[in-house]
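Hello,

Here is the structure I promised to pass on to you. Have a look at it first, and then read on for a short tour of what turned up.

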Amino acid sequence: MNETRQRVLDALADGPVSGPTLADELDISRSAVWKHVEALRDEGFEIRSDDAGYVLDSVPEFGASAVEYGLNAPFSVEYHDSIPSTNARARDLAADGASDTVVLADEQTGGRGRLDREWHSPSGGIWLSVLFRPDVPMAHAPVFTLAAAVAVTRAAREAGVEAGIKWPNDVLVRHGDEERKLVGILTEMEGESDRVSWVVVGIGVNANVDPADLPDDANPTSLSAERDEPVDRRLFAQRLLEEFDALRQDPANVVEAWREYATTLGKQVRVETPNGTIEGEAVDVEFPGALVIETESGREVVSAGDCEHLRPITE
Ligand code: BT5
């Protein structure tokens with residue numbers, strides 16, 4: 001959002017304020033104040049004019065200004081009702097030199113998973129990509145995938161949904177023996193080996209969508225299906241971004257936070273890696289995100305792959 005518009009909004013949030021006072025405080029003309037107020041109204045903010053001045057009555061359900069409003073993290077948000085892929089858009093913004101930018105959409109028409117798989121993204125979801133430029137070597141970048149999983153799990157639990165994390169990038173909800181996929185995360189990056197240039201962490205949350213509209217074979221679920229009522233997408237996106245912002249600044253502690261929500265540790269797993277299949281007990285995760293598997297022929301450390309949970313050892 002435009003910086004002056006943000007300041008107009010911040011002033012409105014503090015209570016009724018008159019046009020002339022706003023113009024004075026922000027050092028802009030009265031007609032500029034009026035234009036910003038009109039633009040906010042266009043975005044769905046209900047702003048009343050009465051004797052005391054402008055009064056903010058309500059904030060829109062979703063959108064750039066809605067998510068930026070009251071957000072306690074230094075991201076600017078770009079919103080699209082519909083876009084092919086927020087990750088693709090964030091990559092373009094990265095090429096233009098942007099940073100600390102979130103691309104957010106209500107619907108994606110070409111959402112992507114890992115290995116060029118499709119990510120179904122009907123209207124009602126929270127499809128977002130965070131673009132930032134951490135000062136870390138390339139080899140550490142996987143930690144941001146784990147950070148995103150922790151952030152979204154915390155936001156889901158606050159919204160009353162008991163989510164857990166399957167290594168490395170799935171956020172799931174357990175139903176008896178079954179685990180249903182609530183969120184997918186796709187991290188992309190560019191840089192030299194000693195330093196990352198940019199990272200795009202794409203997070204797809206099935207928020208207010210009907211799981212029947214998602215591919216069956218994926219065993220999907222959504223926040224609204226788990227809660228039996230819609231979630232406030234604005235607040236959810238804010239909590240997710242705030243948690244992610246705190247975690248990205250503290251990569252050394254991400255793994256410990258991740259362990260707290262991990263459903264993979266202690267399970268028998270089968271991991272399809274680029275170099276073959278590994279089966280055994282998942283015993284730990286190591287910085288920046290590798291899975292340690294105890295196999296019949298010894299310990300293996302796997303940094304990427306598709307993980308399947310087999311029967312739990314305790315049963
Ligand atoms: C992922 O891939 O789980 C990463 C998904 C990342 C999506 C976000 S949305 C915002 C940003 N913009 C993008 O274009 N992408 C990111 P993977 O682990 O490969 O899982 C993909 C598989 O999940 C598919 O092959 C389907 O089986 C299944 N799937 C597709 N859509 C789903 C959905 N909405 N919910 C649950 N499962 C789904």
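**A few residues, then the ligand**

Asn169 counts as buried, because its relative accessibility is 4%, and the cut-off for buried is under 20%. Please keep in mind as you read that this is a predicted model. You will find Asn169 in the loop that runs between β6 (163-166) and β7 (170-175).

Two other residues are worth a click while you find your way around. Ala151 is part of helix α6, which covers residues 142-158. With a relative accessibility of 0%, Ala151 counts as buried.

Asn2 sits in the segment before α1 (3-13). Is Asn2 buried or partly exposed? At 37% relative accessibility, Asn2 counts as partly exposed, since that class lies between the 20% and 50% limits. Asn2 and Ser76 are 74 residues apart in sequence, yet the distance from C-alpha to C-alpha is 9.0 Å.

Now to the ligand. The space that the ligand takes is the largest pocket. There are 27 residues around the ligand, and those that come nearest are Ser85, Arg112, Arg117, Lys181 and Asn206.

Three of these names come back when you look at individual atoms:

- Arg112 uses its backbone: an N or O atom there lies 2.8 Å from an oxygen atom of the ligand.
- Lys181 has a polar side-chain atom that lies 2.8 Å from an oxygen atom of the ligand.
- Asn206 has an N or O atom in its side chain that is 2.9 Å from a nitrogen atom of the ligand.

How much of the ligand does the protein bury? Taken alone, the ligand exposes 800 Å², and the protein buries 93% of that.

Which elements build the shell around the ligand? At least two residues each come from α5 (86-95), β5 (126-132), β8 (178-192) and β9 (195-205). The largest share is from β8, which gives four residues. Sorted by class, the shell holds 13 polar, nine nonpolar and five charged residues.

I hope this helps you get started. Enjoy exploring!

Best wishes

Definitions and conventions. Residues numbered from 1 in each chain as written. Predicted model: local features only at pLDDT ≥ 70, side-chain atom pairs only at ≥ 80, totals over all residues. Heavy atoms only, no water. Near = heavy atom within 4 Å. Polar contact = N/O pair within 3.5 Å; in protein donor to acceptor, adjacent residues only side chain to side chain. Areas by Shrake-Rupley, 256 points an atom, 1.4 Å probe, with all protein chains shown as cover. 1 Å grid on protein atoms, 1.4 Å probe; cavity = no way out; pocket = protein on both sides within 12 Å on 5 of 7 lines; lining within 4 Å. Sits in = over half its atoms within 2 Å of the grid points. Nonpolar A, V, L, I, M, F, W, Y, C, P; charged D, E, K, R; others polar. Buried < 20%, exposed > 50% of the residue type's maximum accessible area, 1.4 Å probe, protein only.
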